[in-house]
Amino acid sequence: MTQYWKKLGQLYDPTLKARHPKLNSHAANPLPVHMGSDVYRVFFSGRDENNRSSVGAVDVDIVQRKVIAEHRHPFFEHGPSGGFFADGVSIGNCYEVDNVLYMLFMGWQAPVDGHWRGDIGRLIVTPEFSLELESSKPFMGSDSTDPISLSYPWVLEKPLGGFNMWYGSTRAWDAGNGEMLHVIRHASSDDGHHWHRSGLTVPYELGRAQAFSRPTVMTCKLGGFEMWFSYRSGSGEKYRIGYAKSTDGLNWSLHLEMAGISVSDSGWDSEMIEYPFVFDHAGNRYMLYNGNGYGKTGFGLAVLEIA
């Protein structure tokens with residue numbers, strides 16, 4: 001029995017219409033929030049002319065596979081100079097605590113005299129499906145476990161209470177082969193607000209899978225967990241989507257060949273695929289993902305099938 005992703009096509013192309021200056025290009029990191037019936041508000045990170053990202057959205061009918069509303073104005077903009085998201089906002093996923101829906105994001109900093117880096121922030125998704133910043137300070141910032149840079153968190157509620165988080169952490173900007181070593185770590189929380197970081201969770205392999213990005217984690221029907229993520233193997237390589245499995249969510253094994261999805265022969269996702277978001281709807285498991293240019297060509301939709 002083999003699982004694979006059947007591509008359903010490019011769902012949103014950000015180049016077709018003139019957009020708000022803060023969303024001038026790109027539709028990266030698609031994140032669906034269920035509005036009702038078959039409709040999702042798919043938030044994404046768009047960029048301005050200076051490559052600073054803000055959060056936009058389109059409303060999508062997943063079953064009909066079409067955009068039914070495009071929102072011109074950003075739902076949340078990058079912050080002022082000196083703040084932890086001054087140079088961009090890249091969204092991860094949502095989780096609920098005490099009837100409040102939170103959206104986690106990576107806040108970018110790109111100082112003129114240093115390397116870019118990130119911290120994790122948290123937004124509140126209102127009942128009207130708009131976004132509000134919870135705090136101007138990072139929700140999770142650098143510490144002795146993650147001293148360099150943080151990225152793309154994914155949170156999943158535990159069946160018996162509490163929460164798991166998987167997130168990106170930089171160990172080195174150059175691992176010796178011209179590519180960064182950016183790994184996936186784990187944290188846990190009893191209340192969804194205070195987190196204990198437990199360290200490396202997904203193994204890496206230099207020259208094969210060493211620059212990870214945006215994990216998306218789901219529970220398996222037969223128990224355990226499965227994860228899809230973006231990864232690069234070395235300098236000059238383009239993103240692909242990889243796969244890992246775990247029985248407990250803490251100890252993972254890499255199975256890159258089992259991702260079930262790769263680049264197309266031609267078109268909008270023929271050079272690279274990245275930033276997956278996996279979710280279930282109406283008995284199907286779907287994946288939203290980006291293609292060429294880190295989301296410059298928008299995002300597409302795939303459905304999981306078993307052969």
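**View 1. F299 and the residues around it.** F299 touches Q10, L11, Y12, A27, P30, V42, F44, V58, W268, L288, Y289 and N290, leaving out residues up to four places away in sequence. Contact here means heavy atoms within 4.5 Å. The model is predicted: local features need pLDDT of at least 70, side-chain atom pairs count only at pLDDT 80 or more, and totals for chains, interfaces and linings use all residues. Residues are numbered from 1 along each chain as its sequence is written, and side-chain values use heavy atoms, with hydrogens and water left out.

**View 2. The largest nonpolar core.** This core has 50 residues. F43, M103, L131, W166, F229 and F299 touch the most other members. A nonpolar core is a set of buried Ala, Val, Leu, Ile, Met, Phe, Trp, Tyr and Cys residues joined through side-chain atoms within 4.5 Å. Buried means under 20% relative accessible area, exposed over 50%, and partly exposed in between (1.4 Å probe, protein chains only).

**View 3. The whole protein.** The protein has zero helices and 20 strands. Its radius of gyration is 18 Å, close to the 19 Å that the globule rule gives for 307 residues, so the protein is as compact as a globular protein of that length. The radius is taken over C-alpha atoms, and the rule is 2.2 Å times the number of residues to the power 0.38. Helices (H or I, at least four residues) and strands (E, at least two) are DSSP runs, numbered from the N terminus. The C-alpha atoms fill a box of roughly 50 × 45 × 45 Å, taken along the principal axes. Of the 307 residues, 55% count as buried. Among contacts between residues at least 6 apart in sequence, 50% join residues at least 24 apart.

**View 4. An open sheet of four strands.** The strand order is β1-β20-β19-β18, and the pairing is antiparallel. β1 (3–12) and β18 (274–281) are the edge strands, each pairing on one side only. From one strand to the next, the twist averages 25°. For such angles, axes are lines fitted to C-alpha atoms (for helices over the stretch in contact), and angles run from 0 to 180 degrees between N-to-C directions. Six bridges join β18 to β19 (residues 284–290). F279 stands opposite Y286 in β19. Two strands pair if DSSP finds at least two bridges between them.

**View 5. S90 in strand β6.** S90 belongs to β6 (residues 89–97). Its relative accessibility is 5%, so S90 counts as buried. The S90 side chain makes a polar contact with the side chain of W108 (2.8 Å). A polar contact is a pair of N or O atoms within 3.5 Å; within protein, one must be able to donate a hydrogen and the other to accept it, and residues adjacent in sequence count only if both atoms are side-chain atoms. Beyond four places in sequence, S90 touches N29, S45, S53, F105, M106, W108 and Y152.

**View 6. G56 in strand β4.** G56 sits in β4 (residues 53–61). G56 is buried, with a relative accessible area of 0%. Apart from residues up to four places away in sequence, G56 touches L23, V42, F43, F44 and F75.

**View 7. R232 in strand β15.** R232 lies in β15 (residues 225–232). At 11% relative accessibility, R232 counts as buried. Its side chain makes polar contacts with the side chains of E179 (2.8 Å) and Y239 (3.4 Å).
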